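Biologist: I'd like to go through the side-chain contacts in this one. Can we start with the terms and then take the contacts in turn?
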Amino acid sequence: GDTMVYSLVNGVGDDNNSLFAMEANGTLKTAVSFDYESNASVYSIRVEVKDDYNATMEGNFTITLSNVNEAPTITSDASLNVNEHQSLVTTLTGTDSEGDPITFSISGGDDSAQFTVDGTTGDLSFTSLPDYEIPVDSNGDNSYEVRVLASDGPLYTELGITVTVTNGPDPDFTVIVNSSNGGSTSGTGAYNDGVSVNLTATPDAGYVFMGWSGDLISTSNPH
């Protein structure tokens, strides 16, 4: 049989020829990088095939761009400064091209044991209030290294974060709030006299807030 030679040619339906490259053996390749989220999804090209006797035939082809799942992106800063005696470090943020929900977790870092993260809200916090005068990071320099992960289910991305604890006035008192089961709490921190502290309990699905116990006894939420 004759050897067939293929090429892209001008003519009706050649609207997107410039975005593709055709090898002589008929292999069609892209000449640019396509992104489903920002580019058109349907493309038109015109192809010519020629045999050993220079007989030709032309035809139009439609190429449809398919979407594929992409890993989420973490948009939070990789370098943070936090005052001592402060629990919350930052609220992690991220984006996902397909709009899938993002779940956050801690994946490593020399000081990962010093942190916790809420997988849904992205709140990254110290497990205990940091004290500038008594650093507990791996090399004792008040720079804490933690690696966080953002996942959309099948795919994930990671970010290394350095949290630098800065010196500040020592507080008058410290409040520590914990949930016993089935929910989360906020309000843990170091405070000065005269400051109002708002404690909030958020029950998980299927749970109901019953009340505070310990040094504070109350059924009000928030308190």
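Modeller: Buried means under 20% relative accessible area, exposed means over 50%, and partly exposed is in between. Keep in mind that this is a predicted model.

Biologist: Fine. Where does phenylalanine 126 fall, buried or exposed?
Modeller: Phenylalanine 126 has a relative accessibility of 5%, so with the cut-off at 20% it counts as buried.

Biologist: How many aromatic pairs are there?
Modeller: The count is seven aromatic pairs. One of them joins phenylalanine 34 and tyrosine 43, with 4.9 Å centre to centre and 55° between the planes, which is a tilted arrangement.

Biologist: And what about the rings of phenylalanine 126 and tyrosine 144?
Modeller: Their centres are 5.2 Å apart and the planes stand at 75°, so that pair is edge-to-face. Phenylalanine 126 is in strand S12 (residues 123-126) and tyrosine 144 is in strand S13 (residues 143-151), so the pair ties together parts that are 18 residues apart in sequence.

Biologist: Is tyrosine 144 buried or exposed?
Modeller: Buried, with a relative accessible area of 1%.

Biologist: New topic. How many salt bridges are there in the whole structure?
Modeller: The search finds three.

Biologist: What does arginine 46 meet in a salt bridge?
Modeller: Glutamate 58, at 2.8 Å from N to O. Arginine 46 lies in strand S4 (residues 42-50) and glutamate 58 in strand S5 (residues 56-64), so the bridge ties together parts that are twelve residues apart in sequence.

Biologist: How accessible are arginine 46 and glutamate 58?
Modeller: Arginine 46 is buried at 17% relative accessible area, while glutamate 58 is partly exposed at 36%.

Biologist: What does glutamate 158 form a salt bridge with?
Modeller: Arginine 147, where the closest N and O atoms are 3.8 Å apart. Glutamate 158 is in strand S14 (residues 156-166) and arginine 147 in strand S13, so this pair ties together parts that are eleven residues apart in sequence. Glutamate 158 is partly exposed at 33%, and arginine 147 is partly exposed at 35%.

Biologist: And what is the distance between lysine 29 and glutamate 23?
Modeller: Their side chains meet in a salt bridge at 2.9 Å, N to O. Lysine 29 is partly exposed, with a relative accessible area of 43%, and glutamate 23 is partly exposed at 31%.

Terms used: Residues numbered from 1 in each chain as written. Predicted model: local features only at pLDDT ≥ 70, side-chain atom pairs only at ≥ 80, totals over all residues. Heavy atoms only, no water. Phe/Tyr/Trp six-rings, centres within 6.5 Å; stacked < 30°, edge-to-face > 60°. Helix = DSSP H or I, 4+ residues; strand = E, 2+ residues; numbered from the N terminus. Buried < 20%, exposed > 50% of the residue type's maximum accessible area, 1.4 Å probe, protein only. Salt bridge = Lys/Arg side-chain N within 4 Å of Asp/Glu carboxyl O.
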